[in-house]
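Open the structure in your viewer and keep the sequence panel beside it. The tour goes from one selection to the next.

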Amino acid sequence: MKQDIDQFYRILGLEIGASWEEINEAYRDLAFIWHPDRIPTDNPRLLEKAVAKLQQINQARDQLRAVKLGKTASKSGNNRQKSAPKYSNPPPPPPPKTNRPYQADMSGSDFKGANLKERDLSGRNLAGSDLSFADLSDSFLHKVNLEEANLYKANLFRANLLQANLRGANLQESNLIGADLSGADLREADLRGAKIGSGNRVMVKLTGVILTGAILPDGTIYRDEKS
């Protein structure tokens, strides 16, 4: 059993005995890297590998959480001599989900300045919502509907926006560095002043993105049908 536990630490790239905070952090990092939504659909071999890797990561996190909770309950039982009280599980980050349809309608919601870091909002309908100044860094926004949403100065650092609908969205002065916008619809979106890289180096993934009519960071309008 101890060998199995040690292996779970190794799967997450951690030293044996790492804290729950370190386990949680390592899990979030690896889940972001291996999220199947980040893999091109035309690469079934890599997609299959990502799904298997994510299952392995989830199992390691769940098993280590059980070990940490077991130790906590054991210490409490020794101190009280009676049955140990029940402990609720510490809230883990929501597990990534794929192929999820639209969730309950959240269009027009007010998330101005909200802390949505690392949240999974994939497939949500947030059309027309106010997300100005919101922290959406490292968030999962695969196939999210953000049509005509206000993302002014929003932090979208390393956000997963695969196939997102951002048509007509206000992305002025937003931070898009490290974001994955592959297959996203950015028609008529306003990107003036948006941070997309350093110097002449673009640091946003734009494979297959639709930019027709979008106002680019430098103020020019993208006219071509292809990006």
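In which helix is glutamate 25 found? Select glutamate 25: it lies in helix α2, residues 20–34. Helices (H or I, at least four residues) and strands (E, at least two) are DSSP runs, numbered from the N terminus. This is a predicted model, in which local features need pLDDT of at least 70 and side-chain atom pairs count only at pLDDT 80 or more, while totals for chains, interfaces and linings use all residues. Residues are numbered from 1 along each chain as its sequence is written, and side-chain values use heavy atoms, with hydrogens and water left out.

Now colour by secondary structure. The protein has 3 helices and 2 strands, in the order α-α-α-β-β along the sequence. Of its 227 residues, 41% count as buried. Buried means under 20% relative accessible area, exposed over 50%, and partly exposed in between (1.4 Å probe, protein chains only).

Go back to glutamate 25, which counts as partly exposed because its relative accessibility is 45%.

Next, select aspartate 62 and arginine 61. Their side chains meet in a salt bridge, at 2.9 Å from N to O. A salt bridge is a side-chain nitrogen of Lys or Arg within 4 Å of a carboxyl oxygen of Asp or Glu. Side chains of opposite charge can pair when their charged atoms come close. Aspartate 62 and arginine 65 are separated by about one helical turn, because they are 3 residues apart in helix α3 (residues 44–80).

Aspartate 62, at 31%, is partly exposed.

Move on to aspartate 190 and arginine 192. Their side chains meet in a salt bridge of 2.6 Å, N to O. Aspartate 190 is buried at 10% relative accessible area, whereas arginine 192 is partly exposed at 38%. A search of the whole structure finds 8 salt bridges.

Last, select isoleucine 215, in the segment after β2 (201–202). Isoleucine 215 is partly exposed, with a relative accessible area of 21%. Leaving aside residues up to four places away in sequence, isoleucine 215 touches Ala189, Asp190, Leu191, Arg192, Thr220 and Ile221; contact means heavy atoms within 4.5 Å.
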